[in-house]
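Trainee: Could we go through this one together, starting with how the terms are set?

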Amino acid sequence: MTTSIVLAILVTSLATYLSRFLGVVSSEKIKETSKIFKWFNCLAYSTLAALIARIVIFPSGALSESDYVIRIIVLIVSILVFYVTKRNLVYPTILSAIILTFLNGYYG
Amino acid sequence: MINSKHFFQGFSSIRKIDSPAIALGCCFIAIGVLLKNLGFSIQESIFSTLLTYALPGSLVMAESLLVGASLLNIFIAVWLVNARLYPMTVSLMPLLMHESQPRWKYYLSCHFIAVSAWLIMKSNYQSVEKENRIDYWIGIGTATWSVAIIGTIIGFISSEYLNKDIMIGLAIVNPVYFMCMMIGAMKTIQISISVILGAILGPAFYFISPEWCVLYGGFVAGTIAYFIGEKK
């Protein structure tokens, strides 16, 4: 293993563990019925939604090579499939990959 | 030490209908390909997923290495992008804490906090008694962590056979899975507003600050949702 890569991995994992660790430290003092817990619950869901929306609308990496209209169509179709199949998660996820690959191949 | 019955109950959550295994597998296959193309060895790739186990963090590390960023820059960039793990931990761990359980379990198992395991635990915790929840959680975490590592290995080995179109297809699976899981979780007014506003404000704040938009958007959306929910 090259040292710089190993160091980068170690630094990355430390930076990631830090937020998790501090979260547990704070959790020791927070009751699940408290207002602050409810607030953090909202923050967690909203931050995740923000992250996912950002990945779809302003992606980096492979996704950025597809058209944003196609990505949004795929997302809407997947959510519809999710409802139609009574909240099955396997169908929409597999279909999304197939539809996106297909649309991107023909119109991308 | 760890109750095996509850551990395996949690572990088997990846076989259920809402299993995160496919979504998680797909995105870690993509990570395996990315790390291989960056010049990582297979050991380094496995080591990376094993220790970090948070997708956006690994992506940022890869991007930073490409541009030759310093270790301090990598630390700050990764910390920033993974800071969302803090509210996620605070909104999960109080549900799992019980005085009969040793504290090391919480400090070790917080490593498993990532979107997929978190969403599964949040939607299932009520079905497990409080004192057993941590063992159930360790089961979920071990299962999703294993999927991530296997995905990385598959991606690394098969990178030559995966063309650009397949990579794009793999990349959409994860956001679609998470979006559906979040919609499934919209059972209270607070969570519903959090998810909808977050999805709008996150990209909206991108025009102000591309680096901070997720945290800004999430903070504003979550706080508004909290106050609206409290008033009702």
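Mentor: Contact here means heavy atoms within 4.5 Å. Among contacts in chain A between residues at least 6 apart in sequence, 38% join residues at least 24 apart. This is a predicted model, in which local features need pLDDT of at least 70 and side-chain atom pairs count only at pLDDT 80 or more, while totals for chains, interfaces and linings use all residues. Residues are numbered from 1 along each chain as its sequence is written, chains are lettered from A and ligands numbered from 1 in the order in which they are written, and side-chain values use heavy atoms, with hydrogens and water left out.

Trainee: How many helices and strands does chain A have?

Mentor: Chain A has four helices and zero strands, where helices (H or I, at least four residues) and strands (E, at least two) are DSSP runs numbered from the N terminus.

Trainee: And what radius of gyration does chain A have, against a compact globule of 108 residues?

Mentor: Chain A has 19 Å, whereas a compact globule of 108 residues would have a radius of gyration near 13 Å; the radius is taken over C-alpha atoms, and the globule rule is 2.2 Å times the number of residues to the power 0.38. Along the principal axes, the C-alpha atoms of chain A fill a box of roughly 55 × 45 × 25 Å.

Trainee: Now Thr144(B): buried or exposed?

Mentor: Thr144(B) is buried, because its relative accessible area is 1%, and buried means under 20%, exposed over 50%, and partly exposed in between (1.4 Å probe, protein chains only). Thr144(B) sits in helix 10 of chain B, residues 133-158.

Trainee: Which side chain does Thr144(B) join in a polar contact?

Mentor: The side chain of Tyr53(B), at 2.9 Å. A polar contact is a pair of N or O atoms within 3.5 Å; within protein, one must be able to donate a hydrogen and the other to accept it, and residues adjacent in sequence count only if both atoms are side-chain atoms. With neighbours within four places in sequence left aside, Thr144(B) is in contact with several residues, including Ile14(B), Pro20(B) and Leu24(B).

Trainee: Switching to Thr101(A), what is it in contact with beyond its sequence neighbours?

Mentor: Leaving aside neighbours within four places in sequence, Thr101(A) is in contact with Asp165(B), Ile166(B) and Gly169(B). Thr101(A) is in helix 4 of chain A, counts as partly exposed at 24% relative accessibility, and has a side chain that reaches the backbone oxygen of Ala97(A) at 2.6 Å.

Trainee: Where does Lys86(A) lie, and what is its phi?

Mentor: Lys86(A) lies in the loop between helix 3 (68-84) and helix 4 (90-107) of chain A, and its phi is near 55°, a positive value in a residue other than glycine. Most residues other than glycine have a negative phi. Arg87(A), also not a glycine, has a positive phi of about 65°.
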